[in-house]
Amino acid sequence: MEKELRFSYDKEGDILEVFKGKPKEVISKDIGDDIWIKVDPVTEEILGFTIISFTKWFSKKGLSKKIPVMAEFVAN
């Protein structure tokens, strides 16, 4: 089943969140370097991720950050 990506950015907290599908209860797991993955507590499927201090990682030209999740993109 295809799921839409949902993005949320909290400017005050400088936090970017990316989720697939509709919001639901998740468990957050710290994987280091200001990245948390959001995991379904039953299936352990990764449903999204959070980047803390987002502008620290992405405000300078040429900076990038690898997030250890697999993705597949399909256009409607």
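Colleague: How many helices and strands make up the secondary structure of the protein chain?

Modeller: The chain has 1 helix and 5 strands, where helices (H or I, at least four residues) and strands (E, at least two) are DSSP runs numbered from the N terminus. Their order from the N terminus is β-β-β-β-β-α. This is a predicted model, in which local features need pLDDT of at least 70 and side-chain atom pairs pLDDT 80 or more, while totals for chains, interfaces and linings use all residues. Residues are numbered from 1 along each chain as its sequence is written, and side-chain values use heavy atoms, without hydrogens and water.

Colleague: Why is the pairing of Lys-38 with Ser-28 called a polar contact?

Modeller: The side chains are joined at 2.7 Å. A polar contact is a pair of N or O atoms within 3.5 Å; within protein, one must be able to donate a hydrogen and the other to accept it, and residues adjacent in sequence count only through side-chain atoms on both sides.

Colleague: Which residues form an aromatic cluster?

Modeller: Tyr-9, Phe-54 and Phe-58 form one cluster. Rings of Phe, Tyr and Trp (its six-membered ring) pair if their centres lie within 6.5 Å, and the count comes to 2 aromatic pairs.

Methods:
Rings of Phe, Tyr and Trp (its six-membered ring) pair if their centres lie within 6.5 Å; planes under 30 degrees apart count as stacked, over 60 as edge-to-face and the rest as tilted.
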